[in-house]
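Hi,

Here is the structure I promised to pass on to you. Have a look at it first, and then read my notes below.

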Amino acid sequence: IRGEKDPNSTFEDGRGANAIRPLWAMGADTLFVGLVLENGAGVDSAETGGGATYGGGTFSNCVMRNCSAYSGGATRGAKALYNCVLTNNVAFGSGYGGGCIHGLTSAYDCLIADNRADIGSGGAIFGNNTTPPVYSNCVFRNNTAKYNAVANFNKARGSRVRFYDCD
């Protein structure tokens with residue numbers, strides 16, 4: 001499922017009022033299997049993160065690539081990711097980040113590579129909530145950010161992210 005960058009955007013990542021993300025606001029109990037979500041973009045605003053998907057849902061054997069958003073270049077608010085590949089996504093928001101993931105998303109057996117947070121933190125992951133996500137058997141490669149190349153979680157809000165057997 002292809003999104004669309006804003007054709008009138010002056011930004012390299014294509015963000016803008018006419019940008020389109022592939023999926024929007026799914027229910028928390030929705031299951032998506034085997035999707036490729038690519039080339040999506042969020043508008044230039046803190047309220048609209050997730051370049052590939054915004055909202056709940058569980059993704060299994062999916063690919064999210066080449067997407068951009070204010071926060072969570074690939075996803076903001078997904079419930080869980082299983083055996084997914086998340087590559088070449090970017091977050092461009094100041095004070096936010098998560099080149100790939102923003103929120104309480106847990107991930108299992110995923111490849112999370114080549115994502116970036118241009119001016120924020122957490123090249124791969126940004127979280128500022130009280131629900132501790134779990135990352136199990138995931139591979140993190142070449143994620144970059146101004147601060148915290150892999151992950152940034154706000155301890156003041158009680159986040160206690162758990163990583164198990166990740167590389």
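**Strands and sheet**

S68 has V90 in strand 11 as its bridge partner. Before I go on, note that this is a predicted model, where local features need pLDDT of at least 70, side-chain atom pairs count only at pLDDT 80 or more, and totals for chains, interfaces and linings use all residues. Residues are numbered from 1 along each chain as its sequence is written, and side-chain values use heavy atoms, with hydrogens and water left out.

Back to the strands: strand 7 and strand 11 run parallel and are joined by two bridges. They belong to an open sheet of four strands, in the order 7-11-15-19, with parallel pairing. Strand 7 and strand 19 (144–147) are the edge strands, and each of them pairs on one side only. Two strands count as paired if DSSP finds at least two bridges between them. In general, strands of a sheet pair through backbone hydrogen bonds, either parallel or antiparallel.

The protein chain has 21 strands and zero helices. Both are DSSP runs numbered from the N terminus: helices are H or I with at least four residues, strands are E with at least two.

**Aromatic pairs**

How many aromatic pairs are there by the rule used here? The count comes to four. The rule is that rings of Phe, Tyr and Trp (its six-membered ring) pair if their centres lie within 6.5 Å; planes under 30 degrees apart count as stacked, over 60 as edge-to-face and the rest as tilted.

One of the pairs is Y70 with F92, which is edge-to-face, at 6.0 Å centre to centre and 85 degrees between the planes. Y70 sits in the loop between strand 7 (68–69) and strand 8, and F92 in the loop between strand 11 (90–91) and strand 12 (101–102), so this pair ties together parts that are 22 residues apart in sequence. Both Y70 and F92 are buried. (Buried means under 20% relative accessible area, exposed over 50%, partly exposed in between, using a 1.4 Å probe and protein chains only.)

Y82 and Y108 form a stacked pair, with 4.9 Å centre to centre and 10 degrees between the planes. Y82 is in strand 9 and Y108 in strand 13 (residues 106–108), so here the parts tied together are 26 residues apart in sequence. Y82 is partly exposed, with a relative accessible area of 38%, and Y108 is partly exposed too, at 23%.

**Around K79**

K79 is in the loop between strand 8 (75–76) and strand 9 (80–82). Is K79 buried or partly exposed? K79 is partly exposed, with a relative accessible area of 42%. Leaving out residues up to four places away in sequence, K79 touches A28, D29, G56, G57, T58, L104, T105 and S106. A contact here means heavy atoms within 4.5 Å.

**Cysteines**

The count of disulfides is zero, where a disulfide is a pair of cysteine sulfur atoms within 2.5 Å. For C100, the closest cysteine sulfur is that of C110, and at 8.6 Å it is too far for a bond. C110 is in no disulfide either, and its nearest cysteine sulfur, in C138, is 4.7 Å away. C100 is buried, with a relative accessible area of 0%, and C110 is buried at 3%.

**The whole chain**

Of the 167 residues in the protein chain, 53% are buried. Among contacts with a separation of 6 or more, 65% are between residues 24 or more positions apart.

Cheers
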